[in-house]
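Please open the structure in your viewer and keep the selection panel at hand. The stops below tell you what to select next and what is there.

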Amino acid sequence: GAQLANGAGGSLSLGGEALRSGGDAVSELVEQAFEDVEVILAVGGLGGGTGGNLVELVNIVAELDFPVVALGILPALADGYRVKTNALWAINELVDSPVDSLMLIDNEKLYTKHGTATVESFWSACNDSLVTGIDALNCLANNESLTSVRTFDPNDLRQLVRFGGTTLFGTTTIDGAITRDS
């Protein structure tokens, strides 16, 4: 099958072929590595040839009866026509796939938020902000100390991931004590 060392160079046909031809190896690895998980998160930059074929990975994982969430990274404003076209194709394919939930990350927002980071720290900062947001959502659903104010519990998170839906999520930090009068 197709062997890619550094992605597919933006070619959807080459990226799709690589994922399809390696499907058996991916299936075997997923079955071995993820036997006791509740959900698999498949991540890809939707504008590239490999990440633009995230649907191929979703199809492989779905055949194994794992719930799968696709997390796609959208192109930035400065990205070219081919990258944006690949991303549109990828989203259309994912919408019609067996994915349980689809999460889209706005690359432009990442650039805006971390645009002053050095080249060496930019991707790490982006990863940290994505992981922090997803982890905060998971922790919110499991934080027993928030019982009196929360309406989003662990079952709500599982339902959202497993059966889809829409949620708008943000975080903030409050310094100081919160009282009934404040």
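Colour the chain by pLDDT, the predictor's confidence in each residue from 0 to 100: the chain averages 79, and 73% of the residues score at least 70. This is a predicted model, in which local features need pLDDT of at least 70 and side-chain atom pairs count only at pLDDT 80 or more, while totals for chains, interfaces and linings use all residues. Residues are numbered from 1 along each chain as its sequence is written, and side-chain values use heavy atoms, with hydrogens and water left out.

Select helix H7 (residues 154–163), where confidence is lowest at a mean of 67, and then helix H4 (residues 81–95), where it is highest at 92; helices are DSSP runs of H or I with at least four residues, strands are runs of E with at least two, and both are numbered from the N terminus.

Stay in helix H4 and pick Asn86, which counts as buried (under 20% relative accessible area, with a 1.4 Å probe and protein chains only) because its relative accessibility is 6%. The side chain of Asn86 reaches the backbone oxygen of Gly47 at 2.9 Å. Leaving aside neighbours within four places in sequence, Asn86 is in contact (heavy atoms within 4.5 Å) with Gly10, Leu12, Leu46, Gly47, Gly48 and Gly49.

Next, select Val43, Leu71, Ile73, Asn127 and Leu130, which of the 13 residues lining the second largest pocket lie nearest its centre. A pocket here is an open set of points on a 1 Å grid over the protein atoms alone, where a 1.4 Å probe fits, with protein on both sides within 12 Å along at least five of seven lines, and lining residues have an atom within 4 Å of a point. To finish, show helix H6 (119–142), which gives the most to this lining, with 7 residues.

Definitions and conventions: Buried < 20%, exposed > 50% of the residue type's maximum accessible area, 1.4 Å probe, protein only. Polar contact = N/O pair within 3.5 Å; in protein donor to acceptor, adjacent residues only side chain to side chain.
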